[in-house]
Amino acid sequence: MPPAIICERPWVSDGDTLSCRNLPARVRMLGIDAPELPGHCNAGRRCTPGNGAASKRVLIGLVRSGPVLVKPQGYDRYDRILARVSVNGVDLSCAMLARKAAVRRYAMIACPKVR
């Protein structure tokens, strides 16, 4: 996998996915699952409960706080880049968990204790 990349013009799709102008695929944040936006949870799929629009707003606020650094870890079955994503040294997966805007799922990630 390539080294960490600064995300150019980040655009948040939902609470766990964003796009970068300089990357060939969407970026899926590693270790979390956010609630889906209305109409995005297909029948038969296990979707995280909660408010998808609120989760998206939380991630937008985090992304706006500084340059977004993407550390690719691989690809998922939808050809999205799986990555650890951070802003100003803050891991966004951990920040979304701390704000209860997402839940742990799909990969184990270590997050610092929040006080």
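**Close-up views of a predicted model**

**View 1. The salt bridge between R28 and D16.** R28 is buried, its relative accessible area being 7%. In this predicted model, the side chain of R28 meets that of D16 in a salt bridge, with 3.4 Å from N to O. R28 belongs to strand β4 and D16 to the loop between β2 and β3 (17-19), so the pair ties together parts that are twelve residues apart in sequence. D16 is buried as well, with a relative accessible area of 2%.

**View 2. The salt bridge between D33 and R105.** The side chains of D33 and R105 form a salt bridge of 2.8 Å, N to O. Because D33 sits in strand β5 and R105 in the segment after β9 (103-104), this pair links parts that are 72 residues apart in sequence. D33 is buried at 2% relative accessible area, and R105 is buried at 18%. Salt bridges with shared partners connect D16, R28, D33 and R105 in one network.

**View 3. D91 and its contacts.** D91 is part of strand β8 (residues 90-91). With a relative accessible area of 17%, D91 is buried, because the limit for buried is under 20%. R84 and D91 form a salt bridge in which the closest N and O atoms are 2.8 Å apart. Apart from neighbours within four places in sequence, D91 is in contact with R84, V85 and S86.

**View 4. The largest pocket.** This pocket has a volume of about 540 Å³. Its lining consists of 25 residues, and R28, R45, D76, Y78 and R80 lie nearest the centre. Strands β2 (11-14), β4 (27-29) and β5 (32-33) are the elements that give two or more residues to the lining. Of the lining residues, eight are nonpolar, five polar and twelve charged.

Key
Residues numbered from 1 in each chain as written. Predicted model: local features only at pLDDT ≥ 70, side-chain atom pairs only at ≥ 80, totals over all residues. Heavy atoms only, no water. 1 Å grid on protein atoms, 1.4 Å probe; cavity = no way out; pocket = protein on both sides within 12 Å on 5 of 7 lines; lining within 4 Å. Points joined across faces, edges and corners; volume = space filled by probe spheres on them. Helix = DSSP H or I, 4+ residues; strand = E, 2+ residues; numbered from the N terminus. Nonpolar A, V, L, I, M, F, W, Y, C, P; charged D, E, K, R; others polar. Buried < 20%, exposed > 50% of the residue type's maximum accessible area, 1.4 Å probe, protein only. Contact = heavy atoms within 4.5 Å. Salt bridge = Lys/Arg side-chain N within 4 Å of Asp/Glu carboxyl O.
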